[in-house]
Amino acid sequence: NAEYMGPFGRDEQKNIESLVAYISGESRGMKFNLPQAHTQEKLMYAVGKQVFYQRGGPYDFSCASCHGADDKRVRLQDLPNLTKNPGAGDGFGAWPAYRVSSGDLWSMQRRLNDCYRQQRFPFPGYAS
């Protein structure tokens, strides 16, 4: 029985994270330019906003539980308020990053999956 690795196959996550690191390095200092002209772009923005505030899981958490107000912390880690600037830029602009705890480069996807793990939520599909 071959282990199911999702649509990316074995080790493809590392390839994607390497690509993310390259793009991040090449675009360092550039501003995010998130278009909202197309109907689907507006729809995906609305879906993301809904997911950010939707509570669930055994702890009844949402992303906003930790990232929806100023001065929130988990253990010794200050958490950015992702509902305003510069919090959103601080939060998203910090990834990809090298995580000393794992000795590995983490993409934003892997960081989000760690939040889902802590909340006991199922992980979203990788690169979804």
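Are Arg110 and Glu17 buried or exposed? Both Arg110 and Glu17 are buried, where buried stands for under 20% relative accessible area, exposed for over 50%, and partly exposed for the range in between, with a 1.4 Å probe and protein chains only. The model shown is predicted, so that local features need pLDDT of at least 70 and side-chain atom pairs count only at pLDDT 80 or more, while totals for chains, interfaces and linings use all residues. Residues are numbered from 1 along each chain as its sequence is written, and side-chain values use heavy atoms, with hydrogens and water left out.

**View 1. A salt bridge joins Arg110 and Glu17.** The structure holds eight salt bridges, each being a side-chain nitrogen of Lys or Arg within 4 Å of a carboxyl oxygen of Asp or Glu. One of them is formed by the side chains of Arg110 and Glu17, at 2.5 Å from N to O. This pair links distant parts of the chain, as Arg110 belongs to helix α5 and Glu17 to helix α1 (residues 12–26), 93 residues apart; helices (H or I, at least four residues) and strands (E, at least two) are DSSP runs, numbered from the N terminus. Arg110 and Glu17 also take part in a network of salt bridges together with Lys14 and Asp104.

View 2. Asp114 counts as buried because its relative accessibility is 12%, whereas Arg117, at 44%, counts as partly exposed.

**View 3. The rings of Phe52 and Tyr53 form an aromatic pair.** Rings of Phe, Tyr and Trp (its six-membered ring) pair if their centres lie within 6.5 Å, and planes under 30 degrees apart count as stacked, over 60 as edge-to-face and the rest as tilted. By this rule the count comes to three aromatic pairs. Among them is the edge-to-face pair of Phe52 and Tyr53, with 5.0 Å from centre to centre and 85° between the planes. Phe52 has 15% relative accessibility and therefore counts as buried, while Tyr53, at 45%, counts as partly exposed.

**View 4. Arg75 has a positive phi.** Most residues other than glycine have a negative phi. The phi of Arg75, however, is near 55°, and this residue lies in the loop between β1 (72–74) and β2 (77–79). Arg75 counts as exposed because its relative accessibility is 70%.
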